[in-house]
Amino acid sequence: MAEARKGLLAFQEALRALEMQAVAGRKVQGLPHSRREAAREARQFAAQMDDRRIGEWLRRGNGRAPRDPDQVWALVQVWSRWAAKIPGPRERRYWNQLVEEAQAHVPQRPDGIGRPISEWADPHTLEVHPAIENPYDGMPALPAYVRRGHDAALERFVQRAIDASAITVLVGEAATGKTRACWEALSCLPSDWRLWHPIAPSRPQALLKGIPLIGPRTVVWLNDMQHYLLTPGEDLGEQVAAELRVLLRAPERGPVLVLGTIWPRYWTTLTGYTSPHEDPHAQARALLTGTELPIPTLFSRPDLDRARLVAQSDPRLAEAVDLAEDGHLTQYLAGGPALQAIYRTASPPARALMDIAIDARRLGHSPLLPRPLLIDAAPGYLTRPQREMLDQNWLDQAFTYVADHRPCRGARAPLTSIPHTATEEHRTAHFRLADYLEQYGQAQRRTFTAPKTLWDALLTHARGSDLVRLGRQAQQRGLYQYALRFYAAAFESDPTATDAMLWAGDLYSTAGRLEEAVTCYRCAAEGGDVYAWTKAAETLRTAGQINEALTWYERAAADGSRDALTQAADMLLEDGRHADAKALLHRAARSGVAEASRILGETMLRDGRVDEAVRHLQEAAEAGDTISLIRVVGLMREDGSAGEAIRWLQDRQPGGPDHATAMIADLRWHSGDPEEAINLILPLCADNPVRMRTAAKWLASAARTDEAIDLYGRAAEHDDIGALREAVSLLSDRSGTGEAITWLLERASNGNLAALEQAVVLALQVPQTDQVLSWLRTRVDSGDAEALGRLARVLHGAGRTHEAIQAYQDFRGDVGTAGLRHQADLLWRAGWIDQAISCYKAAAENGDTQALGRGAELLRDTGRAHEAIEWLRSRVAAGDGEVALRWSIDLMLQTDQAVETIHWLQSRVEEGDSDALIWTANLLRDTERVDEALAYYLRAAEAGVTPPGSDDSGALALAAMLLNKTGRRDDAARIIRYGIEPGGEAAQPAPLRPQDHQVRTASLGRPTRSSTEA
């Protein structure tokens, strides 16, 4: 343990030093420099983390060692860039070694975990969906299997995993055959492989506990991966993802195969980037990115043909082939049509139970739904006449209906009763909603709001991490009062749920209750979230409470925040308290904060005290602050002290030997010694495209053109497009365009697409197209569709549009959606309108929104607007989304159909089209139907529908803008500060009571005295 602790301390020391340099560099440029900003920028390096994870790594005393070197490297690259550095392979090895040495050794059990695959005889134990009933004896438990395109891809992947650890995740809607495909793929593995399916006591806990015991040749079966990776309110899911990444990267523990399945909406949540302030799924995104295997919702025509052949031996499959609509075979086999019929024809009480379950799941409740929750919420789902007509046994009758699996012909019933367990949490009866009905119902109810009875029932019966998920959903829907209650309950039950306190603090701050906001931030900080100290300080600083903010910055510094004192100094400088600010900066500088020394140097420089400024900047540079290094060398050069600067750089080597040498080379160049400058920088160019370009520029100036071109070419191998352009310029000046094109095509032959693009552009500019056309035709003949697009582009640019069209028609492969759209563009320009429209429609039906817009535009411009509207509305009905909807609206309005447009949108809203909800509100607003528009905006907010490009409060903000516009400013202010209640009414501020000062406060109220003074 001592050695592991020593390794962690070394890692922390190195990372803190880099952070100081990075923050200093950003502050000089006046750019954001927080850990949250660093985490946000790290996404470009394909490994993510949030600022709390960085804080855990750097926390003094009980910091957590990083598990993932890729994640650390992503942060190192961001902070190095901020500090004007470009880390290379040597630095990568250095940081990898630091991460490795920071780890504690985890013992392995040699025999591994799980059971031999041959012992898993029942596919239902691995959660393969039961199918419709088997009408004949002697048939296997599962219907005959129809192989599709993804099966071959999955089998290839599984076979590769026999040699090296890997992960693949099947992404598809409910009941599309994901788990069945994984079951079938197990047959590709040798007999000595094992399979482990972690499920108890909870899925993420079981997986986290068992990962150290996984041995070689093990399949980790993660059906419905969201249950393992989505754990709001705690970082359990992130720990699971990090441990899986470590497992997969450890060759001595492999081979291991991780097989997972997930719905698309959960995949989007885990792999998407939510905001610049929150990145809760960084580890999961790093684990999952690039592992997806999409599973189609429908059987294609070739798939259906194969299914008909296979169905000759299985009457269940034969029935599905005959009766399933539009290729929904797997859904039919899983009882989908029966579930839809049960849902649509249910009595009001039974429909209410199913709608409650659907809404509870879409609001974030875990799959097991307590029976009392369903009962308590039910009144809000029934009209008063329906409630008055209920008989004495209505509840038992409703539960009997929804739990009856017989109409589903062996598939899961709408609500399945889950047997009791011995734990306190599950002593009451629980129900689980059928996956297919959950997906179907959520699509139907996207634009519907949950009644007050459901929110109250959730507050009463929800437990654990569900509370944080429900709080976030309430906050995103403008139900701030409920959000605070959920957050308070979450933190009361688990003091490590610091996110709950951060979000609660933000809500209190918005409402002007600074005392409660700061209390929440303090609770989060004391729960281990270092950022919360700074968050409290920033909140008080914004409110003008400088002295109070200073106290909180001090707490942040004491808890290990490296930039807290410099942030406090910034605040004091803004407040005109220069002496106090300098005292803080001197204190920070003495503790080794390089940024503080740099700020002191800049301050001295503004005061005209150049010598003192240089001394402080040198101190900062020697402590690792790259911006200070650049600044002080520039000052010394301007002051005529270049020689002294060179001696200092040679002696102290700030920023490391390579960086110091590069700066000496720059000084030599500007001092009129180009030969020495070139000799110094050339050895530093390996894997550093910036230095390559600098050296190439100097070589070109020294008339060493061949060497310059060669170096530009090396830089271009690092995706430096500017280097390509510089090389082309030199080649064209020396030998003409032909040599430049030849040089570019040589690089294109090695896979450099940027070079190919430059060759195409240059050939069209000259024009000199024969060489490029010949090169492209060779690739097209080998089936390269991307080369075909460029070939057609060059032909069209050379005025040979008909040849470009013919090239598309002669191509024997799949041109793809982009190729279809380009072909349509060419046909349009050639005047072949009907053929162009056909190509645009084909591309649009494959998901190309640009083609959809161009097709609509072409139809409109040729006098066929009504045909365009009919086509666009059919694409909206087919699920093409907001682009098709917007074009439909535009064309309908252009043809003077405003009233019809609103009526059509309103019908779309009732069918569950969330995009139509905002458009309806906007059109009602624009036609001066203010009250109706307001109702739709509030419905959108409460339904969780966010306008494109907006934050959580987007629809609520639009409602407030409309209220302000119509003079109802008090109402506008109220919904922004306090939110709304279920049903859309503005929430009322609660009277302030003494107990409201405690963390358990659950409602927003009037501002406290301190916030009023602010």
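User: Where is leucine 353 found?
Analyst: Leucine 353 sits in helix α17. Keep in mind that this is a predicted model.

User: Is leucine 353 buried or exposed?
Analyst: Buried. Its relative accessibility is 0%, so leucine 353 counts as buried.

User: What does leucine 353 touch, leaving out residues up to four places away in sequence?
Analyst: Leu374, Ala398, Phe399, Val402 and Leu415. Take valine 402: it lies 49 residues from leucine 353 along the chain, and their C-alpha atoms are separated by 7.8 Å.

User: How do α17 and α20 pack?
Analyst: Helix α17 covers residues 348-362 and helix α20 covers residues 394-402. They pack at an angle of about 60°, with axes 8 Å apart. That makes α17 oblique to α20. The crossing of the two is right-handed.

User: Which residues of α17 and α20 meet?
Analyst: From α17, Pro349, Ala350, Leu353 and Met354. From α20, Trp394, Ala398, Phe399, Tyr401 and Val402. The contact of α17 with α20 has nine nonpolar residues, no polar and no charged.

User: Why would residues three or four places apart point the same way?
Analyst: An α-helix has 3.6 residues a turn, so residues at that spacing point the same way.

User: Now α46 and α48. At what angle do they cross?
Analyst: Roughly 15°, and their axes come within 12 Å. That makes α46 roughly parallel to α48. The crossing is right-handed. Lys841, Ala844 and Glu845 of α46 make the contact with Glu867, Trp871 and Arg875 of α48.

User: How do the residues of that contact of α46 with α48 divide?
Analyst: Two are nonpolar, none is polar and four are charged.

User: Switching to α21. How many of its residues are buried?
Analyst: Seven of the 10 residues in helix α21 (residues 435-444) are buried, so the helix is largely enclosed by the rest of the structure. The buried ones are Asp435, Tyr436, Leu437, Glu438, Tyr440, Gly441 and Gln442.

User: What covers the buried residues of α21?
Analyst: The cover includes α11 (264-271), α15 (329-333), α16 (336-344), α17 and β9 (430-433).

User: And α40, what should its 13 residues span?
Analyst: At 1.5 Å a residue, helix α40 (residues 737-749) should span 18 Å. Its end C-alpha atoms are 18 Å apart, which agrees.

User: Which residues of α40 are buried, and what do they pack against?
Analyst: Thr737, Ala740, Ile741, Trp743, Leu744, Leu745 and Ala748 are buried. They pack against α38 (705-716), α39 (721-735), α41 (753-765) and α42 (770-781).

User: What follows α40?
Analyst: Glycine 751, which has a positive phi, near 100°.

User: Which residues have a positive phi although they are not glycine?
Analyst: Alanine 175 and arginine 217 are examples, each with a phi of about 60°. Most residues other than glycine have a negative phi.

User: Where are alanine 175 and arginine 217 found?
Analyst: Alanine 175 is in the loop between β2 (166-171) and α7 (178-185). Arginine 217 is in the loop between α8 and β4 (218-222).

User: What about their relative accessible area?
Analyst: Alanine 175 is at 6%, so it is buried. Arginine 217 is at 37%, so it is partly exposed.

User: Where are there cis peptide bonds?
Analyst: One joins alanine 200 and proline 201, with omega about 10°. Another joins valine 766 and proline 767, with omega about -15°. Most peptide bonds are trans.

User: Which loops hold proline 201 and proline 767?
Analyst: Proline 201 is in the loop between β3 (194-196) and α8 (203-210). Proline 767 is in the loop between α41 and α42.

User: Last one. Where does asparagine 688 lie?
Analyst: In the loop between α36 (674-681) and α37 (689-701). Asparagine 688 is buried, with a relative accessible area of 6%.

User: How many residues separate asparagine 688 from proline 87 along the chain?
Analyst: They are 601 residues apart along the chain, yet their C-alpha atoms are separated by 8.3 Å.

Note on methods: Residues are numbered from 1 along each chain as its sequence is written. This is a predicted model: local features need pLDDT of at least 70, side-chain atom pairs count only at pLDDT 80 or more; totals for chains, interfaces and linings use all residues. Side-chain values use heavy atoms; hydrogens and water are left out. Axes are lines fitted to C-alpha atoms, for helices over the stretch in contact, and angles run from 0 to 180 degrees between N-to-C directions. Helices (H or I, at least four residues) and strands (E, at least two) are DSSP runs, numbered from the N terminus. Angles under 35 degrees count as roughly parallel, over 145 as roughly antiparallel, 65 to 115 as roughly perpendicular and the rest as oblique. A crossing is left-handed if the near helix is turned anticlockwise from the far one by less than a right angle, and right-handed if clockwise. Contact means heavy atoms within 4.5 Å. Ala, Val, Leu, Ile, Met, Phe, Trp, Tyr, Cys and Pro count as nonpolar, Asp, Glu, Lys and Arg as charged, and the others, Gly among them, as polar. The expected span of a helix is 1.5 Å times one less than its number of residues. Buried means under 20% relative accessible area, exposed over 50%, partly exposed in between (1.4 Å probe, protein chains only).
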